[in-house]
Amino acid sequence: MENGKIWMDGTLVPWNEAQVHVLTHTLHYGVGVFEGIRCYACEDGRSAIFRLVEHIDRLFDSAHILGLKIPFSPAQVMQACIDTVRANQLKECYIRPLVFIGEGERGLHARTNPIRVAIAAWSWGAYLGEEGLKNGIRVKTSSFQRFHVNTLMTKAKAVGTYLNSILAGKEVWDLGYDEALLLDTDGYVAEGPGENLFIVRRGKVKTPPLSSSILPGITRDAIVSLLRDMGSSLAEERITRDEVYLADEAFFTGTAAEVTPIREVDDRHIRGTVPGEVTRALQERFFAITKGKDRKYSQWLTYI
C-alpha cells in the first residue's frame, strides 16, 4: 500500500507520510480508541461498508468512556472512511479508524495534547485463514483472563486494553493453536482476543451477556439479530468452560473473524459436524448480506 493514502486529521496524505512523533502520548501510555470495519465487494459490482454507522457510533462511545473529545463529527468520520476506501481504489478491504493523543505534555494526564484521528484501509482476507473459515480452528483457553469491569473499561474498544488480547493470543499461538479463549475473573467464558463466542447444544444457542466483561461486538449484534430472525433459541448468559467442551457447535464472530467455526477447544474435539448446521446457516446468511445478495438487512450496508 506504499502508493496508497491515509486520512490524517482531515486530509488524505500519502501512505508513507502518515507519521507521528516518537513522543506521541498514546504510543507511550495506550490511551486511544479504534475500530475495525470491513468493506465488501457486492454482487452488483459496487462495494459496501458493513455497519459503518454502528462502528463509528462505538468509536465515539469508546472515546467518551476514555474522556477523549474527537475533533470531528460522526458524519465527518463516516465520510472520511468512505473517502479513504475510494482514494485507495479498494473493492474489498479492512478499515481502521484510530483516535489517539498526540505530542505535547510528557506526563500521564496530557491535558493540552491534541486529539488526533487517522483512518487507513488495506486489503485483508480471512483473519483466521480460509481453511479455518471453512473447516474450523483449534482454540486453547489462555492463562490470561479478560480484565474485570472495574479494572479497565470493558465496553471501550481502547488501544491499551488490547495488550491483554495480545498476551493471551501469543501464549496459545506459540503452542500451535489458532486462537485463544479468555475467561473472566470469575472463571466464566468471556471471549477471544478479538472475537465474541457462541456455542450450540441440542439446538439451543448461547453467548456470554453484554453485562459480562466482553466488548459489545458489532458482528455479535448482527448474529444475534440473524438468530432471532431464524427462530433459533438464543440465551445471553454466562457459559462455563466445560459447557464449551460439551457443545455440538462453537464459533467466533467479529469484524476480522466474521463467522469462524471452532473445531477443537483445549484438545477436545467439538462433537458435532464442523461447521455445524447453525454455524453454516449463519455463515451463508452473513456473507449473503455483506455481499448485497440478501436485501432484508440492506440498512447494514453503506454503498460506496
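Predicted model: local features only at pLDDT ≥ 70, side-chain atom pairs only at ≥ 80, totals over all residues.
Which residues does Glu-35 touch, not counting residues up to four places away in sequence? Residues are numbered from 1 along each chain as its sequence is written, and side-chain values use heavy atoms, with hydrogens and water left out.

Glu-35 sits in the loop between strand 3 (32-34) and strand 4 (37-41), strands being DSSP runs of E with at least two residues, numbered from the N terminus. With 0% relative accessibility, Glu-35 is buried, a word that here means under 20% relative accessible area (1.4 Å probe, protein chains only). The residues that Glu-35 touches are His-55, Arg-58, Leu-59, Tyr-94, Ile-95, Arg-96, Pro-97 and Lys-157, where contact means heavy atoms within 4.5 Å.

Next, show the side chains of His-55 and Arg-58. The side chain of Glu-35 makes a polar contact with the side chain of His-55 at 2.8 Å, and another with the side chain of Arg-58 at 2.8 Å; such a contact is a pair of N or O atoms within 3.5 Å, and within protein one must be able to donate a hydrogen and the other to accept it, while residues adjacent in sequence count only if both atoms are side-chain atoms.

Now select Glu-249, which lies in strand 14 (residues 249-254). Its side chain reaches the backbone nitrogen of Glu-277 at 3.2 Å, and the side chain of Glu-249 also reaches the backbone nitrogen of Val-278 at 3.2 Å.

Conventions. Helix = DSSP H or I, 4+ residues; strand = E, 2+ residues; numbered from the N terminus. Buried < 20%, exposed > 50% of the residue type's maximum accessible area, 1.4 Å probe, protein only.
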